[in-house]
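Subject: The two-chain model, handed over

Hi,

Have a look at it first, then read on.

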Amino acid sequence: MQGYFGRFSGTMRRFLGLAAALACLAFPARAASPDDPLEADQAFRPTVRLISGTADTSGRHGIDIEYRIAAGYYLYRDRMHFEVLPATLLIAPAEFPRGLEVEDPFLGKSVIFRQSATIHLPFTVSSVRPGQYRVRITAQGCAENRLCYAPFVQELPLNIPPGYRVTDSPVRPLPPGLQR
Amino acid sequence: MKAWLPFAGVGVLAALAGASLWLASTPTIPTPLKSEAVEAAPAAVMAAKFVDHEGKSRVLGQIAGKVIVVNFWATWCTPCVEEMPGFARVQARWEARGVRFVGLANDDPAKVKAFGERLAINYPLWTGEAAVMDLSRRLGNRIGVLPHTVLLDGEGQVIESRIGIYAEEKLEARLKEILPQGI
């Protein structure tokens, strides 16, 4: 192959390269039009993190769900529901960041999250059995001024390692900026 | 190896690049948002069951129209609620020409009724549970977003399936294409 293309002049090779690059660049531009709505899992990307009551976490323990929200999209706070499965691992009501309060002439007031949001699910037990769990989230959101997603479910695996302990009182005063 | 091969390759690549750049540069607005393949048979579409505001069972097959505009919506969906007054105006202008709208929502019937009255919606708003989004998905809305509007002919064949807001003037222009005589 090297020998074959080596027969062509530098100008020809540059021309070939340019044409190939143009073709490669141009086709994805059409395939991924910015008008195409994202899948819910692309627009709203959650990750889950196990939190133990350390100084780093302000003494909180439980589960943090961090949402990365695509530009131009938002999640409704009050339409989110959380479960941990199997249900032997009990959680208290979710603690939400403040969010943005919006008023709609039809829908009234609601709180939405844009860009990112970290939601905390405190454990209501003092000890947690190690094992594999799943966090099941039901959520609703929209693409600004364009469309909304019917309630969608996202499931995330959660591993609680042996030795994990909830070492202090499960429900503590919330840090500033969080609300239950 | 043929000496003309690289020239042919260059030609093909250049043509592809040119064509794709042209396609990419064509306006993406106001083209409809991408809707996926329709999987529902017309008979199944017309037989799907919903409930009207009085709690009576309804099927799309009961709607006699040359074009049936099925709008999937929800009371919590702002873009849906924004486009509905436009639908009501189109319904009023096109009713005599055989166009019939129906709204389908997986929502609380009382809330749907209240919304309909508040927005002065002049077409039926029916509710259903999972059947609503199930039908929407089978009519091309794979990712499950709202609003979703489907134009059916009188037999339940899909003429168009569009997700996202269907602007009043665009819908009217489309109806003029479908019913060019305006009869």
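In chain A, 22% of the 180 residues count as buried. The secondary structure of chain A comprises 3 helices and 11 strands.

Chain B has 183 residues, and 38% of them count as buried. Chain B contains 6 helices and 8 strands, and along the sequence these follow the pattern α-α-β-β-β-α-β-α-β-α-β-β-β-α. Of the chain B contacts with a separation of 6 or more, 67% are between residues 24 or more positions apart.

A word on confidence before the details. The complex comes with an ipTM of 0.74 and a pTM of 0.73 from the predictor. The average pLDDT of chain B is 85, and 79% of its residues score at least 70. Residues 20-32 of chain B have a pLDDT below 50, although this stretch has 16 contacts in the model beyond near neighbours in sequence. Where pLDDT is low, the predicted coordinates should not be read in detail.

Now for the helices of chain B.

Just after α4(B) comes A120(B), with a positive phi of about 55°.

Helix α5 of chain B (residues 130-138) can be read in a similar way. Its buried residues are V132(B), M133(B), L135(B) and S136(B). They cover an arc of only 155° around the axis, so they too lie on the same side of α5(B). What covers them? The cover of the buried residues of α5(B) includes β10 of chain A, along with β3 (67-73), β4 and β7 of chain B. Just after α5(B), G140(B) has a positive phi of about 110°.

Two packed helices are described by the angle between their axes and the distance between the axes. For α3 (residues 78-94) and α6 (residues 168-178) of chain B, the axes come within 9 Å and cross at roughly 30°. That angle is under 35 degrees, and α3(B) and α6(B) are therefore roughly parallel to each other. Their crossing is right-handed. On the α3(B) side the residues involved are G86(B), R89(B), V90(B) and W94(B), and they meet E168(B), L171(B), E172(B) and L175(B) of α6(B).

Finally, some backbone details to keep in mind when you set up your calculations.

- The L85(A) to P86(A) peptide bond is cis, with omega near -5°; P86(A) belongs to the loop between β4 (81-85) and β5 (96-97) of chain A.
- Chain B has a cis peptide bond between L146(B) and P147(B), where omega is about 0°. The loop between β6 (145-146) and β7 (148-153) of chain B holds P147(B).
- Q115(A) is a residue other than glycine with a positive phi, near 65°. Q115(A) lies in the loop between β7 (108-113) and β8 (116-122) of chain A, and Q115(A) is exposed, with 12 other C-beta atoms within 10 Å.
- N145(A), also not a glycine, has a positive phi near 60°. Its place is the loop between β9 (131-143) and β10 (147-160) of chain A. Is N145(A) buried or exposed? N145(A) is exposed, since 11 other C-beta atoms lie within 10 Å and the cut-off for exposed is 12 or fewer.

Best wishes

Notes. Residues numbered from 1 in each chain as written. Chains lettered and ligands numbered in written order. Predicted model: local features only at pLDDT ≥ 70, side-chain atom pairs only at ≥ 80, totals over all residues. pLDDT = per-residue confidence, 0-100. Contact = placed C-beta atoms within 7 Å. Helix = DSSP H or I, 4+ residues; strand = E, 2+ residues; numbered from the N terminus. Buried ≥ 20, exposed ≤ 12 C-beta atoms within 10 Å, placed from the backbone. Axes fitted to C-alpha atoms, helices over the stretch in contact; angles between N-to-C directions. Parallel < 35°, antiparallel > 145°, perpendicular 65-115°, else oblique. Left-handed = near helix turned anticlockwise from the far one by under 90°. Arc of directions from axis to C-beta.
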